[in-house]
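Have a look at the picture, then work through them one by one.

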Amino acid sequence: MADGAGTGTVRGTVRGTVRVHALIVRVTHWVNAFALTCMVMSGWQIYNATPLFGFRFPAWATLGGWLGGAIAWHLAALWLLVVNGLVYVGYGLLSRHFRRSFLPISAGRVFADTRDALRFRLAHKAGSYNAVQRLFYVGVLFLLVLAVLSGFALWKPVQLHALAALFGGYEVARRVHFVAMAGIVGFVVVHLALVVVVPRTLVSMITGRARIVLEPSK
Ligand code: HEM
């Protein structure tokens with residue numbers, strides 16, 4: 001992700017900033033965060049109308065007020081999520097951002113980085129994601145696609161019957177949709193915890209730049 005630096009030298013130590021997030025990645029990331037929050041909260045309101053399991057989501061965590069209002073929010077946020085997602089994925093593939101930032105992901109590196117993270121020894125290098133982050137980001141993109149596709153199967157089960165059949169029918173698609181949502185929410189909880197642990201990454205995700213300090217080699 002890092003490309004392009006503005007640097008200055010202070011008694012042999014190089015200080016400056018590097019660009020770590022392209023503008024398009026930052027804009028689509030924050031639009032995605034907004035759209036997804038609306039989708040999850042309105043989805044919980046829709047769920048509460050006919051709960052699949054033996055619980056309901058608390059009213060304060062829902063959006064839309066009632067079933068009809070929640071469906072309106074859910075569909076409006078869906079198109080924002082889809083159009084924004086297509087821009088992000090299109091950019092990620094064409095600019096090779098995905099290849100450069102998310103690949104390769106090896107089982108060995110994921111294992112080593114997880115072990116280091118659990119011992120609080122995993123350093124955050126500005127401009128590159130560790131193997132755990134790469135796996136999480138690719139994983140959540142997969143879950144988002146799964147949530148959208150299973151959602152379309154639930155929304156138009158007659159017109160999109162081939163898609164619904166691919167999921168094993170309406171009832172299975174409903175469960176797949178719920179599991180994808182739970183995975184995405186789980187990702188967000190861990191993602192936010194990591195932002196709290198390394199808050200400077202939040203500044204970079206807003207400004208696009210990260211500070212670097214290079215000590216002279218002795
Ligand atoms: C709501 C759903 C969210 C999803 C699905 C999501 C997903 C992602 C993804 C895929 C990336 C990698 C972007 C890339 O390089 O292409 C990323 C980076 C990042 N996200 Fe999120 N995000 C979400 C919400 C948030 C929120 C609410 C915050 C902070 C309050 C946040 C803070 C960050 C930061 C700081 C990075 C950069 C991490 C780093 O440089 O190490 N994200 N996020």
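Before we start, one term: a crossing counts as left-handed if the near helix is turned anticlockwise from the far one by less than a right angle, and as right-handed if clockwise. Keep in mind that this is a predicted model.

**Exercise 1.** Work out which helices and strands the protein has, and in what order.

*Solution.* Start by counting: there are eight helices and three strands. Now read along the sequence, and you get β-β-α-α-α-α-α-α-α-α-β. As for the overall extent, the C-alpha atoms fill a box of roughly 70 × 35 × 30 Å along the principal axes.

**Exercise 2.** Describe how helix 1 and helix 2 pack: parallel or antiparallel?

*Solution.* Two packed helices are described by the angle between their axes and the distance between the axes. Here, the axes of helix 1 (residues 23-49) and helix 2 (residues 67-94) come within 8 Å and cross at roughly 150°. Angles over 145 degrees count as roughly antiparallel, so helix 1 and helix 2 are roughly antiparallel to each other. Their crossing is left-handed. Sort the residues of this contact by class, and you find 19 nonpolar, eight polar and no charged ones.

**Exercise 3.** Find out which helix gives the most to the shell around the ligand.

*Solution.* First, the shell itself: 17 residues surround the ligand, with A33, L36, Y137, T201 and M205 the closest. Next, the suppliers: helix 1, helix 5 (131-155), helix 7 (170-197) and helix 8 (200-207) each bring at least two residues. Helix 1 gives the most, with five residues. Finally, by class, the shell has 11 nonpolar, six polar and no charged residues.

Conventions: Residues numbered from 1 in each chain as written. Predicted model: local features only at pLDDT ≥ 70, side-chain atom pairs only at ≥ 80, totals over all residues. Helix = DSSP H or I, 4+ residues; strand = E, 2+ residues; numbered from the N terminus. Axes fitted to C-alpha atoms, helices over the stretch in contact; angles between N-to-C directions. Parallel < 35°, antiparallel > 145°, perpendicular 65-115°, else oblique. Nonpolar A, V, L, I, M, F, W, Y, C, P; charged D, E, K, R; others polar. Near = placed C-beta within 6 Å.
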